[in-house]
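Please look at the sequence and the model before reading on.

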Amino acid sequence: ESDTASELSFQLGRHKKSPSTGSHSSDMASVSSVSGSVLSVYSGDFGSVDAQGTVEFALDYDEKNREFQVHVSQCKGLAVVDERKGRTDPYVKTYLLPDKARMGKRKTSVKKRTVNPIYNEVLRYKIEKMVLLIQKLNLSVWHNDPLGRNSFLGEIEIDLASWDWSNRKLNWYPLKPRSLSAVNGVDHRGVMSLSIKYVPPGSLGEWPRNPPSGEVHIWVKDVKDLLQLRPSGVDSFVKCYVLPDTSKKSYQKTRVIKRDTNPVFNHTIVYDGFHTEDLKDACVELTVWDHEKLTNHFLGGIRLGLGTGLSYGISVDWMDSTQEEVAFWQEMMLAANEWIEGLLPLRSL
């Protein structure tokens, strides 16, 4: 963490005027702040090769071991990536969607100098069957470049809810170009309703200065249409940090709302110690999590800031607000002491 991060000594209080749940203590497993970027399914695609060829694989669910298995057999007729050398070094990668980050990716080995690779490998996911049935399998083929400039060769997406699990045979599937939603990174995770306001130092009058330093108020109202991880819904809560400060002082969370994909939190947080010039360098990160006994699963989040990529002159990957998030933060900066209402889509962070 940079030296400049320590300059932000935000203190926590709570806004009392609007309905608030206040602090909620629990023995929840702690999960560190998600200020690193989760790479998208399509990160590192530098090639402009047309998708062609086919892939042979089979799907199975091992009830005894509670394991989803993707038997990757082989590919045929893949595109040639390096025309000059006539070279393709392919491998197969799988994700479970919509939450790429939760289950992670699996990859086969790389086969060198072939457009007809044979793998005969099994990619495995430890996952409950009922959770698996609300996922999609994304299987994509890539050329492996030693410099990390990997090229996309084609993909197939399978809705596991409608999959015939009695079919365990190897089948051939045509590789398709990337779906538009995936290229644009549109993976719908829900929408957060919230209000924010900035109270500048001394703006409320009264001697000596009220407030003595600036305050940012965040009112998390509700979230609609969260990912359905279980038939009963999800047990969700919201975490808040003001980056670059990831210390306990900066960390706040709402209570857990159980079995609901449309949770109402109605929770307010106040950060003081804010000077007006801090607003361009700080970022309010709100993340939604599914609470489970052993670990919490990331469902989506938003980052409110100017999205400049810089904080106190240092390049940071979390200063990556979308246009909507930036516009919301700017509106707050321009309208001191006013609640600004917003409806923002959750995203991967």
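## Aromatic pairs

A search of the whole structure finds seven aromatic pairs. Rings of Phe, Tyr and Trp (its six-membered ring) count as a pair if their centres lie within 6.5 Å; planes under 30 degrees apart are called stacked, over 60 edge-to-face, and the rest tilted. The rings of W142 and F152 have centres 5.5 Å apart and planes at 75°, so this pair is edge-to-face. It links distant parts of the chain, with W142 in strand 7 (residues 136–143) and F152 in strand 8 (residues 151–159), 10 residues apart. Strands (E, at least two residues) and helices (H or I, at least four) are DSSP runs, numbered from the N terminus.

W142 and F152 are both buried. Buried means under 20% relative accessible area, exposed means over 50%, and partly exposed lies in between (1.4 Å probe, protein chains only). W289 and F298 form an edge-to-face pair, with 5.5 Å centre to centre and 65° between the planes. Both of these residues, W289 and F298, are buried. F68, Y125 and W165 form one aromatic cluster.

The model is predicted: local features need pLDDT of at least 70, side-chain atom pairs count only at pLDDT 80 or more, and totals for chains, interfaces and linings use all residues. Residues are numbered from 1 along each chain as its sequence is written, and side-chain values use heavy atoms, leaving out hydrogens and water.

## Salt bridges

The structure holds 12 salt bridges. A salt bridge here is a side-chain nitrogen of Lys or Arg within 4 Å of a carboxyl oxygen of Asp or Glu. The table lists three of these contacts.

| Pair | Closest N to O distance |
|---|---|
| K129 and E63 | 3.4 Å |
| R347 and D320 | 3.2 Å |

K129 forms a salt bridge with E63. K129 lies in helix 2 (residues 129–132) and E63 in the loop between strand 2 (54–62) and strand 3 (67–76), so the pair ties together parts that are 66 residues apart in sequence. K129 is partly exposed at 22% relative accessibility, whereas E63 is exposed at 53%.

R347 forms a salt bridge with D320. R347 lies in the segment after strand 19 and D320 in the loop between strand 18 and helix 4, so the pair ties together parts that are 27 residues apart in sequence. R347 is buried at 15% relative accessibility, and D320 is partly exposed at 27%.

E325 is buried, with 2% relative accessibility. E285, R303, D320, E325 and R347 are linked in a network of salt bridges.

## Backbone details

Which two residues are joined by a cis peptide bond? They are L243 and P244, with omega about 15°. P244 lies in the loop between strand 12 (236–243) and strand 13 (252–253).

Phi of Y312 is near 50°, a positive value in a residue other than glycine. Y312 lies in the loop between strand 17 (310–311) and strand 18 (314–315), and is buried at 19% relative accessibility. G313 lies in the loop between strand 17 and strand 18 and is exposed at 66%.

N337 has phi near 65°, a positive value in a residue other than glycine. N337 is located in the loop between helix 4 (323–334) and strand 19 (340–345).
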